[in-house]
Amino acid sequence: MKRTTLSLAAVAAALAAVTGVASLTAPDGPATPTAKAPTRLPVERTSLLCPVPSTSEVAETTYTSYTPGAAGTDKPKAGDDAKAGDDAKATDGAKAELKPAGTAALPGDTPAKKPKEPKAPATVTKPGTPVTAEANGATAPALSGTATGTLAPGWTVQQTTVVPAGGSRGLLGVGCTAPDTDFWFPAASTAKQRQDYVHLTNPDDTAAVADIELYGPEGALKSQITEGIPVPAHSTVPVLLPTLTAGPAQQDLTVHVTTRSGRVGAVVGSADDKLGSDWLPASADPAGTAVLPGIPADATSVRLVAYAPGDDDAELKVQLVTPTGTIVPASAGALHVKSGMTAAVDLPDLTRGEPGSLLLTPADPKKATPFVAALRVVRGKGEQQEVAFIPATAAIDGRGTVADNRAKRGTLTLTAPGAAAEVRITASAGAQGGTPVTKTLTVKAGTTTALTPPVPEGLKGSYALTVEHVSGGPVHASRMLALPQDGIPMFTIQPLDDDRGTVEVPAARQDLSVLDD
């Protein structure tokens, strides 16, 4: 009897494309003479979650959904291994759509208002062209979305909200997050003038249970919720931080979100009575070094908040990466972060009129203690101030994308903390028209480059920016969107995380040929 077996490489490719993880172990037997190098394949499914935009009746929210083409362009090159396909093929079974999620409340809280759907579905039909949707007022919903097929690699959604007046006044921007089981948020607060909510959104068909831990300058705060926070299927739960603990208000907190079961998207919404409001995205995973890119040249206040989750204290060297080099700021050259405690320091007169990025490294290179960090950044003075947050941001290994860019309203910041790096920047077609533009740029070693992003030719509507790492050392990036209103310098800053649009697939060590019994 003749028996045919499946190729290990084929099975691994399928698993990797769907889950992003695949491993191979060859069966016992003679060693193969040559092991093939692993290859990279595009992912075939991406999930994103957007929080409830605002509780203000005057809020105006825009969702921008976008999938880049192969190699970060609107159309792939012939023969490209990760090709997105032409316009006809892009819609052949592929989807990238957002749907409203229900809003649940904690036990004893007032049930949330019934959300209403956006005016138009933000559904991507082909790579290279962003689509937009609007949802205004206090009943705009949280959204849960999935992209499949050729629309999955690099899919990104930007949620931008303008609140012109009231306690939550400001420009709030956030890149919708992928579901996970572990998130860190330094720079949160339970201070009297702040209202910080953790938004938990469950994309799955079964309920999730999450835990929220708070850490202040003296360590962990005792929680009033010990049984976990239930997050129903396809629903979102906003949790006001002061309701979690009976202790005194804390100016600087680190929030740690984990799940006991299931997975969630998590982001912190922060509103300050004097400084406006914005979203605080999760910090990069704990590491011995951190880059916080994109401090505006005209920042009037910068506050650094860090937390060391391990058993050891973190002794950090604080440096500013400027357009001309890396320096130690006069306001603070070091930060001691005790184990299990949150540390914070103001950095007055940090930028001195030049844009920059903060670089945190171990004071002793031989003692690198993992930590997380974020910046609270303020622009403006007096009653015309506005706040935004910059978390520690991982380097772009392949490419990263941010949507909802507007002509002459943004700043793209690129930082090469080590060796020089070459990047390719692509401005997509506009949502209502325009021709993509691409430029290549070298970021000198140990410097930050802040530039007005390229704009598509004949732009109509908003567009997306994609940054690809071409060669050289690591690059960290962020985008500032500025929409001043009534003398208030409203702005928001989004990090460009690597989009993880491809996954490495190990080649089979041994070829399984047809077996005879």
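The disulfide between Cys50 and Cys176 is right-handed, because the torsion about its S-S bond is about 110°. The model is a predicted one, in which local features need pLDDT of at least 70, side-chain atom pairs count only at pLDDT 80 or more, and totals for chains, interfaces and linings use all residues. Residues are numbered from 1 along each chain as its sequence is written, and side-chain values use heavy atoms, with hydrogens and water left out.

A disulfide here is a pair of cysteine sulfur atoms within 2.5 Å. The count under that rule is one. In Cys50 and Cys176 the sulfur atoms lie 2.0 Å apart. Cys50 belongs to strand E3 (residues 45-50), while Cys176 sits in the loop between strand E9 (170-175) and strand E10 (182-188), so the bond ties together parts that are 126 residues apart in sequence. Helices (H or I, at least four residues) and strands (E, at least two) are DSSP runs, numbered from the N terminus. Both Cys50 and Cys176 are buried. Buried means under 20% relative accessible area, exposed means over 50%, and partly exposed is in between (1.4 Å probe, protein chains only).

Next, the backbone. Which strand holds Ala187? Ala187 is found in strand E10. Its phi is near 85°, a positive value in a residue other than glycine. Ala187 counts as buried, because its relative accessibility is 5%. Asp404 also calls for a look at the backbone. Phi of Asp404 is near 60°, again positive in a residue other than glycine. Asp404 lies in strand E28 (residues 399-405). With a relative accessible area of 1%, Asp404 is buried.

Now the charged pairs. Side chains of opposite charge can pair when their charged atoms come close. A salt bridge is counted when a side-chain nitrogen of Lys or Arg is within 4 Å of a carboxyl oxygen of Asp or Glu. How many salt bridges does this rule give? The count comes to 11.

One of them joins Arg169 to Glu386, with the closest N and O atoms 2.8 Å apart. This pair links distant parts of the chain. Arg169 is in the loop between strand E8 (156-163) and E9, and Glu386 is in strand E27 (residues 384-391), 217 residues apart. Are these two side chains buried or exposed? Arg169 is buried, and Glu386 is buried too.

Asp346 and Arg303 meet in another salt bridge, at 3.0 Å from N to O. Asp346 lies in strand E24 (residues 342-346) and Arg303 in strand E20 (residues 299-307), so the pair ties together parts 43 residues apart in sequence. Asp346 is partly exposed, at 40% relative accessible area. Arg303 is buried, at 15%.

Glu468 is buried, with a relative accessible area of 8%.
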